[in-house]
Amino acid sequence: ASNILVVIGVWLVVDGWRKVYYSKGEFITKGIYSKMRHPQYAGILLISIGFLIQWPTLITLILFPFLAVMYYKLAKREEKDIEEKYKKAYLNYKKRVHMFMPYFKTILKR
């Protein structure tokens with residue numbers, strides 16, 4: 001189970017990074033970004049959970065909630081900046097796409 005989480009997490013990080021890198025600063029709503037708003041952060045959290053399952057230590061168990069909160073706050077801060085830049089388009093996007101977990105119905109759509 002942990003290996004599956006790590007592989008999915010790495011895929012989310014790489015795919016999200018690739019989309020951002022090739023977007024040239026444009027607002028991305030296609031690909032993985034049509035399923036979730038922060039695939040890279042979701043990927044990092046999945047990788048962390050996978051490693052927690054494989055190598056649970058007291059320090060990692062204590063630090064994981066802080067990591068999750070910090071990525072959540074970073075995502076909210078980034079969203080505020082994006083919302084200022086793209087206004088209504090981003091607000092509409094936020095209504096139909098979750099931050100870190102896709103809606104079940106969006107998984108089934110291509």
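Student: In which helix does K87 lie?

Tutor: Residue K87 is part of helix α3. Please bear in mind throughout that this is a predicted model.

Student: Is K87 buried or exposed?

Tutor: One reads this from the relative accessible area, where exposed means over 50% and buried means under 20%. K87 has a relative accessible area of 51% and is therefore exposed.

Student: Where is K24, and what is its phi?

Tutor: K24 is found in the loop between α1 and α2. Its phi is near 55°, which is a positive value in a residue other than glycine. K24 counts as exposed because its relative accessibility is 76%.

Student: What percentage of the residues is buried?

Tutor: Of the 110 residues in the protein, 29% are buried. The accessible surface amounts to about 7,800 Å², and carbon and sulfur atoms account for 68% of that surface.

Student: What percentage of the contacts between residues at least 6 apart in sequence joins residues at least 24 apart?

Tutor: Among those contacts, 68% join residues at least 24 apart in sequence.

Student: Let us turn to helix packing. How are two packed helices described?

Tutor: The description rests on the angle between the two axes and the distance between them. For helix α1 (residues 2–23) and helix α2 (residues 39–54), the axes come within 7 Å and cross at roughly 160°. Angles over 145 degrees count as roughly antiparallel, so α1 is roughly antiparallel to α2. The crossing of these helices, α1 and α2, is left-handed.

Student: Which residues make the contact of α1 and α2?

Tutor: On α1, the contacting residues are S2, N3, L5, V6, I8, G9, V10, L12, V13, G16, W17 and V20. On α2, they are P39, Q40, A42, G43, I44, L46, I47, I49, G50, F51, I53 and Q54. Sorted by class, the contact of α1 with α2 comprises 16 nonpolar and 8 polar residues, with no charged residues.

Student: At what angle do the axes of α2 and α3 cross?

Tutor: The axes of α2 and α3 cross at roughly 175° and come within 10 Å. Helix α2 is therefore roughly antiparallel to α3. The α2 side of the contact consists of Y41, I44, L45, S48, I49 and L52. The α3 side consists of T60, L61, F64, L67, A68, Y71, L74, A75 and E78. By class, the contact of α2 with α3 has 12 nonpolar residues, 2 polar and 1 charged.

Student: In which loop does F27 lie, and which residues does it contact beyond its neighbours within four places in sequence?

Tutor: F27 is located in the loop between α1 and α2. Beyond those neighbours, F27 contacts I82, Y86, A89, Y90 and Y93. F27 counts as partly exposed because its relative accessibility is 24%.

Student: Is E26 buried or exposed?

Tutor: E26 has a relative accessible area of 56% and is therefore exposed. E26 is situated in the loop between α1 and α2. For E26 and K94, which are 68 residues apart along the chain, the C-alpha atoms are separated by 16 Å.

Terms used: Residues numbered from 1 in each chain as written. Predicted model: local features only at pLDDT ≥ 70, side-chain atom pairs only at ≥ 80, totals over all residues. Heavy atoms only, no water. Axes fitted to C-alpha atoms, helices over the stretch in contact; angles between N-to-C directions. Helix = DSSP H or I, 4+ residues; strand = E, 2+ residues; numbered from the N terminus. Parallel < 35°, antiparallel > 145°, perpendicular 65-115°, else oblique. Left-handed = near helix turned anticlockwise from the far one by under 90°. Contact = heavy atoms within 4.5 Å. Nonpolar A, V, L, I, M, F, W, Y, C, P; charged D, E, K, R; others polar. Buried < 20%, exposed > 50% of the residue type's maximum accessible area, 1.4 Å probe, protein only. Areas by Shrake-Rupley, 256 points an atom, 1.4 Å probe, with all protein chains shown as cover.
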